[in-house]
Every structure is written in structure tokens, then in C-alpha cells.
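Reader: Hi! Could you walk me through this one? I'd like to chat about the rings and the sheet.

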Amino acid sequence: MRHLPVYVAEASAIEKMKKINSVSYLRHCHRTLSENRAPVFVYGHSAAENDSHIYRAIFTSETPHLYFGVYEPTDAKVAALDGRLAHFQRAARSTTTYSFFDSGSAAVWGEE
């Protein structure tokens with residue numbers, strides 16, 4: 001049985017896109033994200049430059065809003081993330097808006 005990645009964790013954005021384009025499932029997921037029209041929630045992500053392909057897909061899609069979770073938010077963390085997301089938003093010439101929420105408040109794993 002041949003094993004294929006379901007997530008590309010390491011490498012630059014260019015190298016990640018090469019891997020994504022080589023696996024039909026990942027290519028489908030990336031295309032679906034770039035065609036999305038619903039709000040997007042990001043949980044557990046840093047918006048690093050090596051994930052620019054993800055933010056390019058989000059900000060070039062028709063999603064109206066990106067909700068970005070911040071672990072233990074501080075003014076400095078939010079300001080840094082705001083700068084990164086604004087960079088991706090400008091690069092895509094996007095009208096998609098975004099805001100931040102405390103990821104600890106989301107209880108996505110069933111914890112309260």
C-alpha cells in the first residue's frame with residue numbers, strides 16, 4: 001500500500017505547493033480552500049511565511065471573513081499576527097476581513 005501525505009508540515013511555501021500539486025487529495029483540498037465562500041476559522045496556526053500558500057488561497061477566495069485563533073493572546077502577539085495577515089491580504093488585493101479570538105475560548109476538542 002502506498003502512503004500519501006495528508007498534511008505538509010515542513011518546507012518553504014514553494015516546496016509545500018510542489019508536494020500539494022503532486023498529490024490529488026492535497027490538490028483538491030487546496031483548490032477547495034481557494035474556492036471557498038464561507039467564513040474561515042483558523043485554529044492552531046502561526047501565519048508564518050512558509051504557509052503563505054494557505055493565506056493566498058484564503059485571501060483570493062470569496063470568503064467574507066477569516067477568524068484567527070491566538071493562543072494566550074497578548075497585544076504583541078496580536079500585533080505581529082495582524083502584520084502578517086495584513087501582508088497576505090494586501091498581496092492578494094483582498095477585501096476579505098479578519099479578526100482574532102482567544103483560541104483557549106473555542107473548546108474545539110470538547111473541553112470547557
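Predicted model: local features only at pLDDT ≥ 70, side-chain atom pairs only at ≥ 80, totals over all residues.

Reader: Nice. How many aromatic pairs are there in the structure?
Author: There are seven aromatic pairs. One of them joins Tyr55 and Phe68: the ring centres are 6.4 Å apart and the planes meet at 45°, so this pair is tilted. Tyr55 sits in helix 3 (residues 52-60) and Phe68 in strand 2, 13 residues apart. Tyr55 is buried, as is Phe68.

Reader: What about Phe68 and Phe100, what angle do their planes make?
Author: Their planes are at 75° with the centres 6.2 Å apart, so that pair is edge-to-face. Phe68 belongs to strand 2 and Phe100 to strand 3, so the pair ties together parts 32 residues apart in sequence.

Reader: Which residues form the aromatic cluster?
Author: Tyr55, Phe59, Phe68, Phe88, Tyr98 and Phe100 form one cluster.

Reader: Switching to the sheet: in what order do the strands run?
Author: The three strands make an open sheet in the order 1-2-3, with parallel pairing. Strand 1 (40-42) and strand 3 (97-102) are the edges. The twist averages 20° from one strand to the next.

Reader: Which helix packs on that sheet?
Author: Helix 4 (residues 75-91), which touches strand 2 and strand 3. Its direction makes about 155° with that of strand 3.

Reader: Last one: what is the bridge partner of Val42 in strand 2?
Author: Phe68 again!

Key
Residues numbered from 1 in each chain as written. Heavy atoms only, no water. Pairing = 2+ DSSP bridges. Helix = DSSP H or I, 4+ residues; strand = E, 2+ residues; numbered from the N terminus. Axes fitted to C-alpha atoms, helices over the stretch in contact; angles between N-to-C directions. Contact = heavy atoms within 4.5 Å. Phe/Tyr/Trp six-rings, centres within 6.5 Å; stacked < 30°, edge-to-face > 60°. Buried < 20%, exposed > 50% of the residue type's maximum accessible area, 1.4 Å probe, protein only.
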